[in-house]
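Dear colleague,

I am passing on the structure below, and I would be grateful if you could look it over alongside the notes that come after it.

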Amino acid sequence: MFMLDISNKRCLLRIVIPAYPAFNIYSRIARKTTALGPLCVASAVNKMEGWDAEVIDENNLCRYGPRSASGGADHEVLQQRRAADVVGFYGGLTSTVPRLYRLARFYKDKGVTTIAGGQHFVEDNVAEALSSGIDYVVIGEGEETIKELLWAIEGKLKVSEVRGIAYLHNGQVIHTPAREPITDFDKLPLPNFSLVRYARIKIYPVERIRGCGMDCEFCTVKGKPRCASAERLLEHISSLVETVNAKSFFIVDDLFGQQRDETIRFCNLLGDYQKSIARRLIATVQIRLDKARDPELLSAMQQAGIRMVAIGFESPIEEELIAMNKHVRAEDMLSLTRIFHKFGFLVHGMFIFGYPQKQQVTFKMPVKERVRHFRNFIRRAKIDTVQVMLPVPLPGTELRHRLERQNRIYPIEVLGWQYYDGSFPLFEPDEPMSAEEMQNSARNIMARFYRFNYMFLIALNIFSFPGIIFFLHNLRLGWSRWHRSWRNYLIRFGGWITIRKWTSEFKKDDFLEKLRKKNK
């Protein structure tokens, strides 16, 4: 193992969040935020004696970030400005892994030690990473592991004594004993957003809970929820408000509302904090649809300034919900959605089109009827914004294991990891639907929702602004109704632009040719 000499200098850990392989529906929002996990790891390292840390988010480089002609950051320039001694790579998004491996080989050729972590690196993908330019793979959470691993790289610790990593020794993959999940979050430093070089952040990701006990078949987030205190999350938000004038936050907990009483207490603390500074903050959360049955929770969320709820509806088709292990009934979805609207929340609906049935199930539905179910539900539920993605058999999920047993997943050698972003069919769909029909149908549902004619409605809505005068008895209600329409029209027109750009980029790709060759 290469040992670092740190006697005469401060060492630098650079953590890279790789660029998306192509424009997708997340590209616009990625330019306003960043990933929280790599930042947490960098913040831990930045507290170590003799070490500095920085995060390069290739999807958010803004004005001063050095860009390469092929996309992403120019790492030659980064090394010239200040050479990194160790480079870590964020593998939380499977679609970015091919880019991750290219960058790992670039740094490896320069003699830099490389580390990778994230949810992609499970099972066989660990060996794949170690043969693709990565020296060490961190398994699980990284804040504690990275410190021990850097000590080992300095020669202060044997690498075999570092828990929660994998590496090659004499050509064999070595897994060290697993590290216990973090439960005491107060011992970790607050994430330091100043470590994200070049980025312009408008929406700040924060968290209180890691893990989710809902066990959805397609999801990579598993395990018993582990919670930080309400005070810690409030401290993080307040520090961002007071140091960088932050206003908008995304609470990244996979299920807001877990540990219900503590969640309500946090909402009350956040509401009181906003009163004390005489300022209204904006927060978005991910929450289950059935939390609509808890009016006390929803009232607390409303008072805390939570404006948007992102809900994984997944499908309005009962048989698909059962296959996903969603634990919600299709017949209840409309009424529960209306409750969220009644409390004044904007609802962002997340859907999965064409979810595969389990082998023993004989359910079949023509593609046009599937589309009709989705469109009717979105219209009747009056969802403010939607995303309709295709099922992604992500590494380590039960969905992938099931489809592998059924021999339905298209080979990685044909359709590589770069297509694992929810926009492409990656397995043989249920009959009578074809792969191309599945992809076109999901895109067409989005295209019917995000349309050009909303540009005219934006103008009409602006001219209707004086109508707020009719709400002099309740200006807040008048403003809320006007702003909701204006905001939704603006986003739906922007969504039309996004779909057009994605379609244009898709035509340049050879995906369809690969898809047609898969069975040859």
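The notes below take up the strand pairing and then the aromatic side chains.

Please keep in mind that this is a predicted model. It contains an open sheet of six strands, which are paired in the parallel sense and run in the order β9-β12-β13-β14-β15-β16. Its edge strands, each of which pairs on one side only, are β9 (203-206) and β16 (385-389), and neighbouring strands of the sheet are turned against each other by 20° on average, direction ignored. Within this sheet, β14 (residues 306-314) and β15 (residues 346-352) are joined in the parallel sense over six bridges, and Ile311 has Gly349 in β15 as its bridge partner.

Turning to the aromatic rings, the count comes to 21 aromatic pairs. One of them is formed by Phe351 and Phe374, whose ring centres lie 5.9 Å apart; because their planes stand at 65°, and an angle over 60 degrees counts as edge-to-face, the pair is classed as edge-to-face. Phe351 and Phe374 are both buried, and together with Phe313, Phe353 and Phe377 they make up one aromatic cluster.

A further contact involves a charge and a ring: the charged end of Arg443 sits over the ring of Phe506, at 6.0 Å from the ring centre.

Conventions. Residues numbered from 1 in each chain as written. Predicted model: local features only at pLDDT ≥ 70, side-chain atom pairs only at ≥ 80, totals over all residues. Heavy atoms only, no water. Pairing = 2+ DSSP bridges. Helix = DSSP H or I, 4+ residues; strand = E, 2+ residues; numbered from the N terminus. Axes fitted to C-alpha atoms, helices over the stretch in contact; angles between N-to-C directions. Phe/Tyr/Trp six-rings, centres within 6.5 Å; stacked < 30°, edge-to-face > 60°. Buried < 20%, exposed > 50% of the residue type's maximum accessible area, 1.4 Å probe, protein only. Lys NZ or Arg CZ within 6 Å of the ring centre and 35° of its normal.
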